[in-house]
Amino acid sequence: MSVKSEKLVKSIQEIQQFIAARSQQPGIQQHNNFEAIAQTLEKSVASLKEGKLTLQIVSHNPNSAKALYDLLRNRELSAAYQFKVTPLTDDLQLTQSEPTAALILQTDASPQRYQLSATDKLAIGRHPECQILIPDPYVSVSGYHANIQPCVEANSNSACASWQICDLSRNGTYINEQQVQGCQILIEGDRITLGAPTSTETSPELLFEYQSITDSSSQQFDTLVTECDVLCWVINPQPPLAAAEQQLLEKIRAARFTNLLVIAELPDPLSQPEAAKLHQSRMNAWLQTSPLDVFCFPLCNSYIGASAAQLSVNSQHESDKFFKVLESLVKRKPEDILTKRLTAQVLAQLHLVEQLIDLDERKLARETERDEAKLKEPGQHQIKEKVDEILKKIQDDKAIFFKQTKDKLKQSKVDLLDDYLENSISCKIRRFLDQLKPNVVKYRGRKYIQLRFSTIEVVESKRAKRKPLKPETVEEKTIDANTALMNFCRSELSWWADEQWEILCLCPQSSLRELLQRAYEMLHSIPSVNLNRSLFQPEQSIDNRAVFEEAFAMPLSESRYQEASPVVYMLKKIRGQWMQFIFMFSFFSVLGIAGRRQIMQHISAPIVNAFKASPYISTIVLLVILYFLFKSLIRLYREDRDLEREKEAEKIRNNLRSYYQALAKNRLVERLVQNLTTALEVEEQRVEKILQAAKHQTTRITTETESNQAPIRQRILKHEVLQKELRSDRDKLQKLRRVLEVKS
C-alpha cells in the first residue's frame with residue numbers, strides 16, 4: 001500500500017469514528033443512512049488495501065457486456081483490475097428522486113402504508129372518497145377529518161421538501177398529543193392521532209415517515225461513476241444511441257469522468273463478413289460527428305482466441321489499442337487513480353453526512369419553532385399579560401372611584417351641616433319648629449304650654465256603610481313636638497342618606513354600578529375567568545332604621561304657665577289707668593297749675609250736668625262707652641295673653657332647636673355617614689374579592705399552563721444542545737473535508 005493510500009485509509013478511519021459517534025447520539029433518526037455510509041467507507045478501505053482498480057462494464061445488451069468481461073479475463077488483467085458488470089436498462093433511474101413521504105396507519109392487524117403525493121392533496125377520513133381511508137370502527141374520526149398536502153419551504157431547493165396536515169374535524173387532530181390549530185408542517189417521526197390526544201379504540205394513530213435522500217433507487221448513476229476507476233461502455237453498433245444511453249452520456253459529461261472507454265461491438269467478420277463491413281462503414285460515418293473516442297472491434301466468442309491473420313487489420317488495430325490503454329493505466333501509478341477515485345467517493349459520502357446533518361438541523365429548527373409558537377399561543381403567555389393588565393385597570397378604577405365617592409360624601413355632609421345654607425338640616429329644623437303652634441293644656445289643676453304639630457288624616461266613618469261614591473272624612477290630629485321633630489329628622493335624614501347612596505352607587509353614570517359593569521365586561525373577556533353575574537350587583541339600599549330607633553333622652557316640649565283671668569286683668573288695667581290719672585293730678589297740683597279738687601270738678605261738671613239734663617240718654621251713652629271699653633280691654637287681654645304664650649313657646653322652641661340640631665349634627669348625621677362609609681367599604685371589599693377570585697382562577701390556569709409548558713421548555717433546551725452538537729459536528733466535517741481536498 002502506497003503512502004497516499006495509507007493516509008487516505010487513516011482519514012477514512014477518522015470519518016468512520018465520527019459517523020459511529022454521531023449515530024450513537026440521542027435524538028438521531030438517520031441510523032439506516034449512517035449505516036449505509038459506514039458500509040460504503042468500509043468498502044473504500046477494502047479497495048485501498050486490495051490495491052486493484054475497479055473496471056465497470058455497462059451495456060444495453062447483457063450479452064455484449066458478458067462478452068467483454070470474458071475477453072478482459074482472458075487477457076490476464078484480473079491481477080490489476082477488479083471487474084463489475086452492470087446492465088443498462090431503460091428503467092434505470094439516472095436522476096435523483098425527490099424526497100418522498102408516507103403515512104403508516106397503525107392498526108391491530110397489519111399496518112397500512114399510504115404513499116403521499118408530491119403534487120396532490122390527499123383527504124383523510126372515513127368517507128369512501130378519502131384517499132387515506134380510515135376504518136369505520138374508529139368513530140371519533142370524521143368523514144373528511146383532515147387534508148395532507150405538500151408545501152414548499154423558502155430555504156429548500158426541492159420542488160416539494162415537506163408536507164403539512166390541515167385539520168377539518170370536530171374532534172380535532174393531534175400531533176404528538178398536541179392539538180393542531182389550522183395547518184401544521186409534519187416532521188419525520190411525528191405521531192398523528194385523529195379525534196383524541198392519544199390513540200384509543202375509536203381514535204387511530206398514523207406515523208409520518210420521510211424517505212431519506214440516500215435511497216438506493218436514486219443513487220444508481222452515482223454508483224456507476226463513483227465506484228469505478230475505468231468505465232467500459234459497450235454501445236449499439238447501429239446509431240443513434242438509445243434513450244438510456246443518451247442520458248448516461250450526459251451524466252458522464254456532467255461528472256467529467258475521464259477514464260471512459262467506449263466499445264462499439266461489430267459483427268463477427270468470419271461468420272458475417274458483409275454485415276461486419278456494413279456496420280463498420282456506418283460506425284465510421286457516425287464517429288465523424290460524435291465527440292466520443294470509440295474502439296470498434298467484434299466481441300463475439302469466435303473472436304476469442306482467433307489468430308491475427310483471421311481478423312481484419314482495423315479490428316486488430318482497435319483491439320490492441322484498447323488493451324494498451326488498459327495496460328498503460330496500471331503501469332503508470334494506478335494507486336493515484338484509485339486514491340483519487342476513492343477520495344472523491346469519500347467526499348461524496350461526507351456530502352451525504354452533511355445533508356443528513358442539515359435534515360437534523362431543519363427538524364430541530366421546526367420542532368423548536370413549533371414549541372416556541374406553543375409558548376406564545378393565546379391562553380398561555382399572552383393571557384397572563386392580559387389578565388395582569390385588566391386586573392391593574394380595575395384596581396386603578398376602583399381606587400379612583402372610592403376616593404372620589406368618599407370625597408363627595410364628605411362634601412355632602414359638610415353642606416348638610418352648614419348653618420348658612422338654606423337646605424342644611426339646621427335650617428330645616430328651624431323652619432319646622434316655626435310651624436309648631438303653642439297649646440295650653442290643664443293637668444292636675446295646672447296649666448302648661450305645649451308645642452304640637454297638626455297632621456291631617458283621611459279616615460272613614462265607622463257608623464256609615466261603605467259606599468263607593470261617599471266622600472271620605474278628613475280629621476286633624478296633633479302630635480307632640482318631640483314626636484313630630486323625631487319623625488321630621490327621620491324623614492329628612494333618611495331621604496338624604498338614600499339620595500346619597502343612589503347618587504354614589506346606583507346612578508347610570510359614574511357610579512358603583514358602572515364600575516362593576518365595566519369590571520364584569522373586562523373579566524368576562526378572559527376565557528379562564530368564570531364569575532357569577534350576581535357578584536357584580538351592588539346593594540340596592542341601606543337599612544338606616546336602627547339609627548332612629550335608639551332610646552334618646554327627649555327634651556321638655558312644654559312649660560308650666562300661669563295667666564291672669566280677664567277680670568283680674570281688667571282690674572289691673574283700670575287700676576293702672578287710675579294710678580296714671582292720680583299721678584297726673586298730683587303733677588299738676590305740684591306745679592301749681594290747679595288743685596286736684598278743681599281738676600276733678602272741672603272734669604266731672606259736664607258729666608253731672610248731662611245726667612241732670614238728660615238722665616236716660618246719658619245713661620245709655622255711658623253704657624255704650626263702658627261696652628266699648630270692655631271690648632277693648634278684652635282684645636288687649638287676648639293680645640297680651642297670646643304674646644305671653646308665644647314668649648313661652650319661643651323658649652320651648654329654642655330649647656328644642658338647640659337639642660335637635662345638636663342631635664342631628666352630632667349623632668344622627670354621623671351615624672348615617674358611618675353607615676354609608678361602611679356600605680362603601682363593603683362594596684370596596686366586594687370588588688377586591690372579585691379581583692382576588694379572578695386572580696385565583698387565572699393563577700390556577702397560569703400554573704397549569706406553566707406546568708404544561710415545562711416539558712416544552714425542556715425540549716427547547718434539549719434541542720438547543722443538539723443544535724450546538726450539530727454545529728460542532730459540521731465543523732469537524734469541514735476539517736475532514738479540507739484534509740481530503742488537500743490530499744487529493
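How far is the sulfur of Cys-228 from the closest cysteine sulfur? The sulfur of Cys-228 lies 8.8 Å from that of Cys-232, the closest cysteine sulfur, which is too far for a bond. The structure is a predicted model, in which local features need pLDDT of at least 70 and side-chain atom pairs count only at pLDDT 80 or more, whereas totals for chains, interfaces and linings use all residues. Residues are numbered from 1 along each chain as its sequence is written, and side-chain values use heavy atoms, with hydrogens and water left out.

**Confidence**

- The predictor's confidence in each residue is given as pLDDT, on a scale from 0 to 100; its mean over the protein is 77, and 79% of the residues reach 70 or more.
- Helices (H or I, at least four residues) and strands (E, at least two) are DSSP runs, numbered from the N terminus.
- Over residues 213–218 pLDDT stays under 50, and the model has 12 contacts for them beyond four places in sequence; a contact means heavy atoms within 4.5 Å.
- Residues 462–470 also stay under 50 in pLDDT, with four contacts beyond four places in sequence.
- Where pLDDT is low, the predicted coordinates should not be read in detail.

**Cysteines**

- One disulfide is found in a search of the whole structure, the criterion being a pair of cysteine sulfur atoms within 2.5 Å.
- The disulfide is formed by Cys-166 and Cys-183, whose sulfur atoms are 2.0 Å apart. The torsion about their S-S bond is about 110°, so the disulfide is right-handed.
- Because Cys-166 lies in strand E8 (residues 162–167) and Cys-183 in strand E11 (residues 183–185), the pair ties together parts that are 17 residues apart in sequence.
- Cys-166 counts as buried at 9% relative accessibility, whereas Cys-183, at 43%, counts as partly exposed. Buried means under 20% relative accessible area and exposed over 50%, with partly exposed in between (1.4 Å probe, protein chains only).
- Cys-228 is buried at 1% relative accessibility, and Cys-130 is buried at 6%.

**Aromatic pairs**

- The structure holds eight aromatic pairs. Rings of Phe, Tyr and Trp (its six-membered ring) pair if their centres lie within 6.5 Å; planes under 30 degrees apart count as stacked, over 60 as edge-to-face and the rest as tilted.
- Phe-432 and Phe-453 form a tilted pair, 5.0 Å centre to centre with 40° between the planes. Phe-432 lies in helix H10 (residues 425–434) and Phe-453 in strand E18 (residues 446–459), so this pair ties together parts that are 21 residues apart in sequence.
- Phe-432 also pairs with Phe-488, here in a stacked arrangement, 4.6 Å centre to centre with 15° between the planes. This pair links distant parts of the chain, with Phe-432 in helix H10 and Phe-488 in helix H11 (residues 481–506), 56 residues apart.
- Both Phe-432 and Phe-488 are buried, the former at 9% relative accessibility.
- Tyr-69, Tyr-81 and Phe-83 are linked by ring pairs into a cluster.

**Helix H12**

- The 13 residues of helix H12 (residues 512–524) should span 18 Å at 1.5 Å a residue, and the end C-alpha atoms are 18 Å apart, which agrees. The expected span is 1.5 Å times one less than the number of residues.
- Leu-512, Leu-515, Leu-516, Ala-519, Tyr-520 and Leu-523 are buried in H12. Seen down the axis of H12, the buried residues fall within an arc of 135°, so they line one face of the helix; the arc is that of the directions from the helix axis to the C-beta atoms.
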